[in-house]
Each structure stands twice: as C-alpha cells, then as structure tokens.
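Open the model in your viewer and keep the selection panel at hand. Each stop below gives a selection and then what is there.

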Amino acid sequence: MSETQIRPVRPADVPAVVAMVYELAEYEKAPESCRLTDAQLHSCLFGEHPALYGHVAVDADDTPVGFMLWFLNFSTWEGTHGIYLEDLYVKPAARAGGIGRRLLATLAGICVERGYARLDWSVLDWNPAREFYAAIGASAQQEWMPYRLTGTALTGLAEYR
C-alpha cells in the first residue's frame, strides 16, 4: 500500500474515525461500551483547547483506512512529556501492508523531534498485535498495573472532596 499516506486528522475525517472506533470496540469484544459521537470527537480534536490529537492513514482516494488518537502525558522522573497512544486501528482489508508500523513510526518521530522521552500504550492481553509490538522493539510493562475509576466508584470518590 505504498499509495497510503499518514496525515493529521481533518474535520472531514471525523465520521470515518468514529466509525473505525466502533469497529475497534467490536474487535475488542466491547461494542456496548462505545458511545463516542462525531460531535464529541470533533470537539476534542478541534475545539477551543484541544488535548487530543490524531492521525489517519488514507488511501489514494484520501479515504481513511486506519487511525490513531493520542495525547500528551508527562514523566516526572524524566522531566519531559511523552505520548500516550489511546487507540490505533487499521481496517482489516488494509492490514499487512505496514500501515500500523507507519502510524507508530509517525508518533515515534514526533517524540524524537520534540525531545519526548517515551511512547506508551496499552493492549489487551489476548490481542495478537502484541507480537507486532514486540517485533518493533516495544516491551510490555509487567511491573506497572493499570487502574481505572469509572461509574459509581468515580462519582463516589469525587464526593469525598
């Protein structure tokens, strides 16, 4: 897929990216958990103070066939920002052509250009993409356990203020 290009998400890409987010949710066996709307994503990417960034892989017709959404994090130990990759997805028909590697290489390039210390992401333990990540030199962070607050636990803790 040499005609595939990687570029920043544009407002016109938002519906295609949202559709791929739903495809990703289906793949990750959690379609009922996905509630993203075009308006939400547009606001997060292009609103007054955007804190979310994105890139798309587009075919020769400029149609998105893959995407990644990311944001900045910060390492107090390194004293610099890093990038957290929230989601990366390539449509099944466009896989095995190096698009995923090129999307990740784009983020790695941003990290290097800006002097960021690291690129982080999470992956489900059953996802075969783990083999791809290992092949490009990424290492699983076994010593750090992700935690999450949602729903009533989140609102309950907020009430503690």
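**Ground rules.** This is a predicted model, in which local features need pLDDT of at least 70, side-chain atom pairs count only at pLDDT 80 or more, and totals for chains, interfaces and linings use all residues. Residues are numbered from 1 along each chain as its sequence is written, and side-chain values use heavy atoms, with hydrogens and water left out.

Stop 1: Helices (H or I, at least four residues) and strands (E, at least two) are DSSP runs, numbered from the N terminus.

Stop 2: An open sheet is formed by 5 strands in the order 1-2-3-4-5, with mixed pairing. Two strands pair if DSSP finds at least two bridges between them. Strand 1 (5–8) and strand 5 (119–121) are at the edges with a single partner strand each, so one side of each has no neighbour in the sheet. From one strand to the next, the twist averages 30 degrees.

**Stop 3: strand 2.** Select residues 53–58. Strand 2 runs antiparallel to strand 3 (residues 64–75), and 6 bridges join them. Pick Y53: W70 in strand 3 stands opposite. The two strands form a hairpin with 5 residues between them. In the turn, D62 has a positive phi of about 65 degrees. On strand 1, the pairing with strand 2 is antiparallel over 4 bridges. There, R7 stands opposite V56. Is strand 2 enclosed or open? It is largely enclosed by the rest of the structure, because 5 of its 6 residues are buried. Buried means under 20% relative accessible area, exposed over 50%, and partly exposed in between (1.4 Å probe, protein chains only).

**Stop 4: helix 3.** Select residues 99–114. Helix 3 packs on the sheet and touches strand 1, strand 2, strand 3, strand 4 (80–90) and strand 5. Contact means heavy atoms within 4.5 Å. The direction of helix 3 makes about 170 degrees with that of strand 4. Axes are lines fitted to C-alpha atoms, for helices over the stretch in contact, and angles run from 0 to 180 degrees between N-to-C directions.

**Stop 5: helix 1.** Select residues 14–27. Which residues of helix 1 are buried? They are V14, V17, V18, M20, V21, L24 and A25. These cover an arc of only 160 degrees around the axis, so they sit on the same side of helix 1. The arc is that of the directions from the helix axis to the C-beta atoms. Their cover includes helix 2 (38–46), strand 2, strand 3 and strand 4.

**Stop 6: two loop residues.** Pick K29, in the loop between helix 1 and helix 2. Its phi is near 65 degrees, a positive value in a residue other than glycine. K29 counts as exposed, at 60% relative accessibility. Now pick A96, in the loop between strand 4 and helix 3. A96 is not a glycine, yet has a positive phi of about 70 degrees. At 89% relative accessibility, A96 counts as exposed.
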